[in-house]
Amino acid sequence: MAAIPAQQIPGVYHRRIGDVVVSAVSDGVLQGSLEILQKISVDEAGRILTDAFRPLPRFTSINTFVIRAGGRTALVDTGSGTALGPTVGKLPAHLAAAGIDRADIDTVILTHVHPDHSNGLVDDNGRLWFPNAELVLHEAETTHWHDDAEMGRANQPSRERNFMAARRQLAPYRGRARLIQGGEVFPGVTAMPLPGHTPGHTGYLITSGAETLLIWGDIVHVPEIQVPRPEVTVAFDVDPAQAEATRRRMFDMVATDRLLIAGMHVHFPGMARIARRGDGYALVPEPWVQAF
Ligand SMILES: [Zn+2]
């Protein structure tokens, strides 16, 4: 009898945007409860997921994206490292499967600092994992996570998991970090501040020729729920009202412009469009396409 497969073929997906190649590289799938959702009951959230034929509890993709443009190799977000359990932390294996050596990554770009995005900056001993990379992130991120008064207001788990972890992860990159407020990161990639989920949460617009892709970070965490119900926020939004406003603004923009988006928590490979449906929106995943 043929062997039964025990794991998936590695999670890598390439998409050409003009002359740029964007590769979705999966960090895995996190399983979690629906209690993180605000402004919706657990029962109702569960019903929406069941209606969408999604498993319970919540299965959340964690995606990162490699951008190869103009001789550069940049990685947007770094995955979960080893701290969030065995179903995630797959970035190193998947980068290897994609033929990408971490030493070849010249730029690490963060959408924001949170465990599922920035843990992978360092190894278990706190040493930087990308030996040749400049680190690019919004300056409001470093300010927020280094603010002792903000940390004092946070609960104990958040103090450790977010504030202390952020400080440990960013420290080895001191001297090689470029703090931005928006604008061009390098030719073809432009930072678009999308504050709310965190103060420096930032999307990255990739443009080449006539094609555009917006890596929108954490505009949604549970797409089946937050696309039709943009008012639903998550417990770890730093400013829930601003996160909701930013989400609504993004849905309006990408639906109007028919823009291709890539989401860190849109199911792998995370590329989709947002269509207007009646008074609301629907997420339309992009069908699989050949890379070249
Ligand atoms: Zn996230």
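User: Why does D116 count as buried?

Analyst: The model is predicted, with local features requiring pLDDT of at least 70 and side-chain atom pairs pLDDT 80 or more, while totals for chains, interfaces and linings use all residues. Residues are numbered from 1 along each chain as its sequence is written, and side-chain values use heavy atoms, without hydrogens and water. Buried means under 20% relative accessible area, exposed over 50%, and partly exposed in between (1.4 Å probe, protein chains only). D116 has 14% relative accessibility, so this residue counts as buried.

User: What makes D116 a donor residue of the zinc ion?

Analyst: A donor is an N, O or S atom within 2.8 Å of the metal (3.2 Å for Na, K and Ca); water is not among the atoms, so sites may look incomplete. The zinc ion is coordinated by D116 (OD), H117 (NE2), D218 (OD) and H265 (NE2), at 2.1 to 2.4 Å. Along the chain, these donors have the spacing D-H-x100-D-x46-H. D116 belongs to helix α3 (residues 115-118) and H265 to the loop between β14 and β15, so this pair ties together parts that are 149 residues apart in sequence. Helices (H or I, at least four residues) and strands (E, at least two) are DSSP runs, numbered from the N terminus. H265 also counts as buried, because its relative accessibility is 1%.

User: Why is the site of the zinc ion called irregular?

Analyst: Four donors count as tetrahedral if all angles lie between 85 and 135 degrees; four count as square planar and six as octahedral if opposite donors are over 155 degrees apart and all others between 65 and 115; anything else is irregular. The angles among the four donor atoms of the zinc ion run from 84 to 180 degrees, and the site is irregular.

User: Are F53 and D77 buried or exposed?

Analyst: F53 has a relative accessible area of 77% and is therefore exposed. D77 has a relative accessible area of 0% and is therefore buried.

User: Which form, cis or trans, does the peptide bond from L56 to P57 take?

Analyst: This peptide bond is cis, with omega near -5 degrees. P57 is in the loop between α1 (42-51) and β4 (58-69).
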